[in-house]
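I opened this entry to keep a record of what I looked up in one protein model.

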Amino acid sequence: MNQLKILAFASLLLALSEARAANPTVFSPRNGISAKVLIDGTVVRYEVRTGKTVNGDEIDIHTENLLNVELADYNFDGYQDFAIHHIDDGKGTYTLFYIYVYSPKANTFINLRPKCGDEFVNVRINRKTRTLTNMHWVHNAVTSCTKKY
């Protein structure tokens, strides 16, 4: 009976994974530009289309957890950006973010790096002050960092 439950649960996870891969997030970072983000397991593919020109990349996120896409203007330049996020693989206490901002000059997305810490953790956007706040660790103590990007 337990094996049947495990098999049913595994089938459900596979179905959810396939459904997720079949439903890309489509948006427009700016007028006349189309962007698509597709999650396939732990691989994220994105592309930016301008007429016949297509730019894109593939990102491999090392996690055992479900990946999510979130759209926002993370650097407050008026262009729509995206982030991939997931809960941490430990106790599931933190949410890790991989932020990609639209570059009109390159007509693609550029990986935004945090100004403090090694990665974006539990990111909060403050549109009023045009800042991002994220957690990071200093000498094993958790602290927050608020910066303009």
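I took a disulfide to be a pair of cysteine sulfur atoms within 2.5 Å. The model is a predicted one. By that rule I count one disulfide.

I looked up which cysteines are involved. The disulfide joins Cys116 to Cys145, with an S to S distance of 1.5 Å. Cys116 sits in the loop between β8 (108-112) and β9 (120-121), while Cys145 belongs to strand β12 (residues 141-147), so the pair ties together parts that are 29 residues apart in sequence. I also checked burial: Cys116 is buried, and Cys145 is buried as well.

I then followed strand β12 to its pairing with β11. Strand β11 (residues 131-138) pairs with β12 through seven bridges, in the antiparallel sense. I noted that Thr133 is opposite Thr146 of β12. The hairpin of β11 and β12 has two residues between the strands, and in this hairpin His139 has a positive phi near 50°.

Next I turned to the open sheet. Four strands make up this sheet, in the order β1-β2-β3-β4, with antiparallel pairing. β1 (25-27) and β4 (53-60) each have a single partner strand because they stand at the edges, and one side of each is left without a neighbour in the sheet. I read an average twist of 15° from one strand to the next.

Last, I looked at β3 and β4. Strand β3 (residues 43-50) runs antiparallel to β4, and eight bridges join the two. For Val43, I found Asp60 as the bridge partner in β4.

Definitions and conventions
Residues numbered from 1 in each chain as written. Predicted model: local features only at pLDDT ≥ 70, side-chain atom pairs only at ≥ 80, totals over all residues. Heavy atoms only, no water. Pairing = 2+ DSSP bridges. Axes fitted to C-alpha atoms, helices over the stretch in contact; angles between N-to-C directions. Buried < 20%, exposed > 50% of the residue type's maximum accessible area, 1.4 Å probe, protein only.
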